[in-house]
Amino acid sequence: MTVPLDSIRLLRQRLEEILTEQLPENGRQWLFSRVDRSSTSALLMAFVAAPRFTGKQPVSLSAERRQELAELRPGFRLLAWPLDRVTRLYLLLQLPLENREAFIQAVETLFDTAEMNELVALYASLPVLPYPEAWLFRATEAVRSNMGLVFEALALGNPYPSEQFPEPAWNQLVMKTIFNDKSVGSIVGLVERSNPSLARILVDFAHERWAAGRYVPARAWQMVVPFVNESMLPDLQRLFTSDRAVDRQAAALLCNETNFEPARALGRQFPIEHAEQLRWENVDTQLA
Amino acid sequence: MKFFDPHVHMTSRTTDDYQAMADAGIVALIEPAFWLGQPRTGVASFKDYFSSLVGWERFRSSQFGIKHYCTIGLNSREANNEALAEQVMEVLPLFIYKEGVVGVGEIGFDDQTPAEEKYYRLQLELAKEANLPVQIHTPHRDKKQGTERSMAIALEHGLDPGMVIIDHNNEETVKSVLDQGFWAAFTIYPFTKMGNERMVEVVRQYGPERIMVNSAADWGISDPLAVPKTAALMKMKGISDEAIRLVTYQNALDAFGKSGQIFEEEFGGEIDQSQKFNGNTILRGGQQPRIDKDSLFIN
Ligand SMILES: [Zn+2]
């Protein structure tokens with residue numbers, strides 16, 4: 001989705017209030033009186049220098065604030081962001097929002113020279129930047145990153161990829177998450193963006209892992225629900241006889257939610273205790 | 001004992017070196033920006049190099065529980081390409097304010113040309129403006145003269161000598177450096193710079209105050225364990241534990257700590273909680289898994 005500029009301006013206003021309340025005295029001084037917010041180069045420098053003045057205390061948000069932010073931009077959360085990251089987002093939103101070319105160029109300069117925490121701030125901010133289509137390549141670069149925090153900033157708890165990624169890039173993101181032993185359940189849009197080719201990739205991957213005596217995170221099977229077919233019955237059988245409880249639970253959930261009758265029948269052969277209390281969220285283990 | 005190597009070019013080293021350094025007790029290091037063995041041809045190469053110092057190299061180091069800091073600057077050799085030097089000066093401000101950048105460096109003289117002097121002066125001003133320490137490379141040739149000139153120019157620009165670390169000292173330069181209130185760093189580097197037996201004698205003669213030891217290990221025949229080895233030699237030769245601690249750890253921390261960017265409580269492999277919680281496969285628990293090098297099996 002593209003966030004309307006008015007909402008972005010309103011968000012900037014809210015951030016200013018939050019920072020005014022929560023920055024330490026010298027940080028507030030620096031940001032509101034010493035940084036020239038009308039100069040792009042001064043804003044870029046301030047973006048870089050922010051932690052030197054703001055510290056890294058996590059931002060605190062009242063229930064009302066959280067509600068307000070959720071209305072401005074569904075799926076976007078500032079929860080637990082350190083103050084330097086909040087400040088960096090605020091500074092990004094001071095750049096010339098209406099001038100597409102200038103805005104993109106400024107953000108690209110930051111990407112070009114960013115260290116890890118700056119990259120985290122940039123990727124975590126993507127959902128509220130204008131011109132979302134312009135960041136697509138950068139976003140796929142985060143999926144390629146070897147730096148765990150950078151990958152997470154884009155892949156987990158972030159609505160940008162599910163809204164913007166074409167299917168191959170999306171599938172890559174999901175599989176990289178599994179590969180990196182990160183929590184699949186934290187991907188925004190996991191179920192909605194599920195697709196037959198991802199389901200097939202996951203099944204193939206499971207076969208590889210099983211051959212190596214390893215596991216697939218149980219939560220990942222949720223993506224397969226709409227695509228269960230005849231060829232998967234042996235895999236389901238295998239999950240039901242796994243030595244890990246979470247695998248057996250995932251199999252039970254799968255067989256319960258699928259419309260493919262033979263799989264439902266298979267599920268009835270392996271009754272699970274407290275089946276009615278099973279939830280996908282509870283099989284979200286990061287142990288692979 | 002724990003050690004701080006305030007001058008080592010990890011970009012040129014392998015991960016095995018990181019592992020050996022961690023095993024030897026090195027908990028933090030500083031990687032100064034320098035030249036890469038051959039001249040760069042465009043500003044983009046500088047950008048990528050600076051980015052790797054604050055990005056990938058820092059991350060790689062963290063996997064071994066070693067805190068990685070750097071100094072950023074235009075080195076003297078490449079200052080001689082003035083057209084390029086101008087462009088580098090333009091991007092420097094975007095890097096020197098980054099987290100974990102503990103100084104402007106390594107800058108100073110190599111051939112002592114007018115271009116070297118020009119960019120040395122400009123970068124001193126940058127350091128003053130940012131309130132950052134300066135790490136000064138002194139030349140191999142005409143060292144004594146070059147060292148004196150570096151200090152005189154720094155004073156001329158109004159820098160506090162307590163914010164300036166003069167590097168690659170030897171028996172000939174150390175007295176004047178200390179007398180004028182600068183920090184004196186010594187590089188333990190086989191064949192071309194100091195050997196560590198000479199270093200022991202320097203500490204015996206001048207005491208541990210404002211003196212620090214580094215390896216300056218790079219792509220040459222050098223030793224990333226020079227700091228812990230020198231500490232061991234000092235111990236054998238009867239230098240006090242406190243003096244060893246000062247010259248192999250504390251003094252570097254105090255000098256570069258003036259950047260406001262060094263937090264001792266972060267030493268020793270403490271990593272970001274979220275990183276620890278959701279480790280990358282490589283990253284699990286924040287550190288590289290150990291390989292048993294004697295084993296025939298590779299798993
Ligand atoms: Zn060096």
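# Pockets, a cavity and a zinc site

User: Which element gives the largest share of the lining of the second largest pocket?
Analyst: α8(A) does, with five residues. Keep in mind that this is a predicted model.

User: What volume does that pocket have?
Analyst: The second largest pocket comes to about 490 Å³.

User: And which elements give two or more residues to its lining?
Analyst: From chain A, α6 (100-113), α7 (116-125) and α8 (136-144). From chain B, α2 (43-54).

User: Which residues lie nearest the centre of the second largest pocket?
Analyst: Ala114(A), Leu119(A), Glu141(A), Ser145(A) and Met147(A). The lining has 21 residues.

User: How do those divide by class?
Analyst: Ten are nonpolar, five polar and six charged.

User: Switching to cavities. How many of 30 Å³ or more?
Analyst: One. The largest cavity has a volume of about 30 Å³.

User: What lines the largest cavity?
Analyst: Chain B residues, among them Leu74(B), Ile107(B), Glu116(B), Tyr119(B), Tyr120(B) and Gln123(B). α6(B) gives the largest share, four residues. α4 (76-79), β4 and α6 of chain B each supply at least two.

User: What about the classes there?
Analyst: Five nonpolar, four polar and one charged.

User: Now the metal. Which protein atoms are donors of the zinc ion?
Analyst: NE2 of His7(B), NE2 of His9(B) and OE of Glu106(B). They lie 2.0 to 2.2 Å from the zinc ion.

User: What spacing do the donors follow along the chain?
Analyst: H-x1-H-x96-E.

User: Is His7(B) buried or exposed? And why?
Analyst: His7(B) is buried, because its relative accessibility is 1% and the cut-off for buried is under 20%. His9(B) is also buried, at 5%.

User: Where does Asp110(B) sit?
Analyst: In the loop between β4 (101-108) and α6 (114-130) of chain B. Asp110(B) has 7% relative accessibility, so it counts as buried.

User: What is Asp110(B) in contact with, leaving aside neighbours within four places in sequence?
Analyst: Ser76(B), Arg77(B), Glu116(B), His137(B), Pro139(B) and Arg141(B). Two of those contacts, Ser76(B) and Glu116(B), also line the largest cavity.

User: Cysteines, then. Is Cys255(A) buried or exposed?
Analyst: Cys255(A) is buried, with a relative accessible area of 3%. Cys70(B) is buried too, at 0%.

Definitions and conventions: Residues are numbered from 1 along each chain as its sequence is written. Chains are lettered from A and ligands numbered from 1 in the order in which they are written. This is a predicted model: local features need pLDDT of at least 70, side-chain atom pairs count only at pLDDT 80 or more; totals for chains, interfaces and linings use all residues. Side-chain values use heavy atoms; hydrogens and water are left out. Donors are N, O and S atoms within 2.8 Å of the metal (3.2 Å for Na, K and Ca); water is not among the atoms, so sites may look incomplete. Buried means under 20% relative accessible area, exposed over 50%, partly exposed in between (1.4 Å probe, protein chains only). Contact means heavy atoms within 4.5 Å. On a 1 Å grid over the protein atoms alone, a cavity is a set of points where a 1.4 Å probe fits but cannot get out, and a pocket is an open set with protein on both sides within 12 Å along at least five of seven lines; lining residues have an atom within 4 Å of a point. Grid points are joined across faces, edges and corners, and a volume is the space filled by probe spheres set on the points. Ala, Val, Leu, Ile, Met, Phe, Trp, Tyr, Cys and Pro count as nonpolar, Asp, Glu, Lys and Arg as charged, and the others, Gly among them, as polar.
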